Number of protein chains: 2
Amino acid sequence: MPVTVIATLKVKPESADAARSILARAVEDVHNEPGCSLYSLHESDGCFVFVEEWSDAEALRAHNAGQAVTRMVEEIGGHLDGAADIIVARPVVAGDPAKGKLRP
Amino acid sequence: MPVTVIATLKVKPESADAARSILARAVEDVHNEPGCSLYSLHESDGCFVFVEEWSDAEALRAHNAGQAVTRMVEEIGGHLDGAADIIVARPVVAGDPAKGKLRP
C-alpha cells in the first residue's frame with residue numbers, strides 16, 4: 001500500500017531563499033530514488049511543505065536513510081525555526097479516484 | 001496559478017470513526033465542485049490531512065463558502081481536538097514534473 005508523507009518545515013524569516021534552494025535541490029535528488037511516485041514542495045509565508053507518496057514503507061525507509069535526506073538535513077538545520085513536523089499517513093479512499101488519490 | 005491547501009485536523013481519540021465518515025462524505029461532495037483537481041484525505045493516528053489543489057484562488061474561495069465545507073464544519077466541530085491547521089501554499093517548481101507536481 002502506498003505511504004503518504006506530509007512534512008512541514010518552518011524557516012527563519014531571513015532564510016526563505018536559502019531554504020528554498022536547499023529543498024529544491026533535494027527534490028531533484030529524491031525524484032531519482034526507487035519507489036518515489038510523488039515528492040512535491042510547496043511554500044507559504046516562511047513555511048515549506050513536502051507532500052510525498054512512496055510505493056511502500058520500505059521505500060520510505062530507504063529514502064529517510066539516503067544521501068539526499070542526509071544532505072538536506074545537514075544543510076537546512078540552521079535555517080529551521082523549530083522542529084520539522086512529519087506526518088506519515090495512509091490514504092482514506094473516497095469519492096472520485098481521479099481527484100481523491102495523489103497518484104491515480 | 002494552482003493553489004495548494006494542506007489542512008490538518010486532529011480529532012479526539014474516540015472520534016476517529018465518526019470523523020472519517022464525515023470527512024469522506026465531504027470528499028465525495030467536494031469532487032464535484034468547480035476548479036477542484038485534487039481533494040485527497042489521509043489518516044494517521046487520530047490525525048486527518050487533506051491535500052488539495054484548486055485551479056485558482058477564486059475556486060478555493062467558492063469552495064470555502066460552499067455547502068460541502070459548511071456541512072463538514074458543522075458536523076466535525078465536536079470531534080476536533082484543537083483548531084484545524086490550514087496552510088494555503090504555492091508550488092515550488094523543481095525536479096521531474098511527473099513526480100514534483102501534485103497534478104502534472
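Copies are superposed here by least squares on the C-alpha atoms of residues with pLDDT of at least 70 in both.

**View 1. Chain B laid over chain A.** A 180 degrees rotation with 0.0 Å of shift along its axis puts chain B on chain A, at an RMSD of 0.0 Å. That's the relation of a two-fold axis. Within chain B, B:Leu102 has the C-alpha nearest the axis, 3.3 Å away from it. A word on what you're looking at: this is a predicted model, where local features need pLDDT of at least 70, side-chain atom pairs count only at pLDDT 80 or more, and totals for chains, interfaces and linings use all residues. Residues are numbered from 1 along each chain as its sequence is written, while chains are lettered from A and ligands numbered from 1 in the order in which they are written.

**View 2. Where the two chains touch.** Contact between two residues means that their C-beta atoms, placed from the backbone, lie within 7 Å. Chain B puts 32 residues into the contact and chain A puts in 32 residues. On the chain B side, β1, α1, β2, β3, β4 (85-92) and α4 (97-100) each supply at least two residues; helices here are DSSP runs of H or I with at least four residues, strands are runs of E with at least two, and both are numbered from the N terminus. β2(B) gives the most, with 9 residues. By type, the chain B side splits into 17 nonpolar, 8 polar and 7 charged residues.

View 3. Two strands pair if DSSP finds at least two bridges between them. Strand β4 of chain A (residues 85-92) runs antiparallel to β2(B), joined to it by 3 bridges. Look for A:Arg90, which stands opposite B:Glu43 in β2(B). β2(A) and β4(B) also pair in the antiparallel sense, over 3 bridges. There, A:Leu41 has B:Val92 of β4(B) as its bridge partner.

**View 4. β3(B) and its neighbours.** A residue is buried if 20 or more other C-beta atoms lie within 10 Å of its own, exposed if 12 or fewer, and partly exposed in between, with C-beta atoms placed from the backbone. Of the 8 residues of β3(B), 7 are buried, so the strand is largely enclosed by the rest of the structure. Strand β1 of chain B (residues 3-10) runs antiparallel to β3(B), with 8 bridges joining them, and B:Thr4 has B:Glu53 as its bridge partner in β3(B). β2(B) is joined to β3(B) by 8 bridges, again antiparallel, with B:Ser40 opposite B:Val51. β1(B) also pairs with β4(B), antiparallel over 5 bridges; B:Val5 and B:Val88 are bridge partners there.

**View 5. Helix α1(B), one side in and one side out.** B:Ala19, B:Ile22, B:Leu23, B:Ala26, B:Val27 and B:Val30 are the buried residues in view. They sit on the same side of α1(B), since they cover an arc of only 145 degrees around the axis, the arc being that of the directions from the helix axis to the C-beta atoms. Facing away from that buried side are the exposed B:Asp17 and B:Ser21. The cover over the buried residues includes α4 (97-100) of chain A, plus β2 (36-44), β3 (47-54), α2 (57-64) and α3 (67-76) of chain B.

**View 6. Asp45 at the β2–β3 turn, in both chains.** Most residues other than glycine have a negative phi. B:Asp45, though, takes a positive phi near 45 degrees in the hairpin of β2(B) and β3(B), which has 2 residues between the strands. B:Asp45 counts as exposed, with 10 C-beta neighbours inside 10 Å. In chain A, A:Asp45 lies in the loop between β2 (36-44) and β3 (47-54), and has a positive phi of about 50 degrees. A:Asp45 is exposed, with 10 other C-beta atoms within 10 Å.

Conventions. Nonpolar A, V, L, I, M, F, W, Y, C, P; charged D, E, K, R; others polar.
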